[in-house]
Amino acid sequence: MPSRATFSSVPLVRILRSSSMLIKVLAENHPAELGFAELRRRAPGLSNKMLSQTLQSLCRDGLVTRRVEASVPPRVYYALTDLGLSLDAPLAVVRAWAEQHISTIEESRREPGQ
């Protein structure tokens, strides 16, 4: 198991942070590409900076492809790779588990001493 100092670099941790939502959005549109602005609309709660950083990370990990269209301003499009698409089903199970247990988790956080 990695030390705490390097734990955030573990792929699972990086994927589960904000990537899960983007993988879901891109999977719903697969195999078509989505532009940055459309991803921004479909991923509420992510700032432009966080969206950009997450997409860069997904591209580096080989989960998402990036295509730049030469225009003014340049348009950037994203799509899942086969590897990225293979994450959609497992992440859906984690999302379903979280939705099923969120009230229990929130209740535990409200209990003193927890």
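**Close-up views**

**View A. T81 sits in the loop between β3 and α4 (82-85).** The model is predicted: local features need pLDDT of at least 70, side-chain atom pairs count only at pLDDT 80 or more, and totals for chains, interfaces and linings use all residues. Residues are numbered from 1 along each chain as its sequence is written, and side-chain values use heavy atoms, without hydrogens or water. Helices (H or I, at least four residues) and strands (E, at least two) are DSSP runs, numbered from the N terminus. T81 counts as buried, at 18% relative accessibility. Buried means under 20% relative accessible area, exposed over 50% and partly exposed in between (1.4 Å probe, protein chains only). The T81 side chain reaches the backbone oxygen of G62 at 2.7 Å. The T81 side chain also reaches the backbone nitrogen of G84, at 3.1 Å. Beyond its neighbours within four places in sequence, T81 is in contact (heavy atoms within 4.5 Å) with G62, L63, V64 and T65.

**View B. Helix α3 has a buried side and exposed residues opposite.** The helix has 13 residues. From first C-alpha to last, α3 reaches 18 Å, close to the 18 Å expected at 1.5 Å a residue; the expected span is 1.5 Å times one less than the number of residues. Buried here are L51, T54, L55, S57 and L58. They lie on the same side of α3 because they cover an arc of only 160° around the axis, taken from the directions from the helix axis to the C-beta atoms. On the other side of α3, K49 and R60 are exposed. Q56 is also in α3. Q56 is partly exposed, with a relative accessible area of 44%. In C-alpha to C-alpha terms, Q56 and R66 are 8.8 Å apart in space and ten residues apart in sequence. G62 follows α3 and has a positive phi, near 80°.

**View C. The largest nonpolar core has 19 residues.** Such a core is a set of buried Ala, Val, Leu, Ile, Met, Phe, Trp, Tyr and Cys residues joined through side-chain atoms within 4.5 Å. L22, L26, L39, V64 and Y78 have the most contacts inside the core. The elements that give two or more residues to it are α1 (11-29), α3 (48-60) and β3 (75-80). Helix α1 supplies the largest share, five residues. Leaving out neighbours within four places in sequence, L39 touches L22, V25, L26, L34, L51, L55 and Y78.

**View D. V76 is a residue of strand β3.** With 18% relative accessibility, V76 is buried. V76 touches L34, G35, F36, R66, R67 and V68, residues up to four places away in sequence not being counted. A37 is 39 residues from V76 in sequence, and the two C-alpha atoms are 9.0 Å apart.

View E. S20 is buried, at a relative accessible area of 10%.

**View F. Cis peptide bonds join H30 to P31 and V72 to P73.** For H30 and P31, omega is about 10°. P31 lies in the loop between α1 and β1. For V72 and P73, omega is about -10°. P73 lies in the loop between β2 (64-69) and β3.

**View G. The whole protein has five helices and three strands.** Along the sequence, the pattern is α-β-α-α-β-β-α-α. Of the 114 residues, 29% are buried. Among contacts between residues at least 6 apart in sequence, 46% join residues at least 24 apart. Mean pLDDT (the predictor's confidence in each residue, from 0 to 100) is 86, and 83% of residues reach 70 or more. Where pLDDT is low, predicted coordinates should not be read in detail.

Conventions:
Polar contact = N/O pair within 3.5 Å; in protein donor to acceptor, adjacent residues only side chain to side chain.
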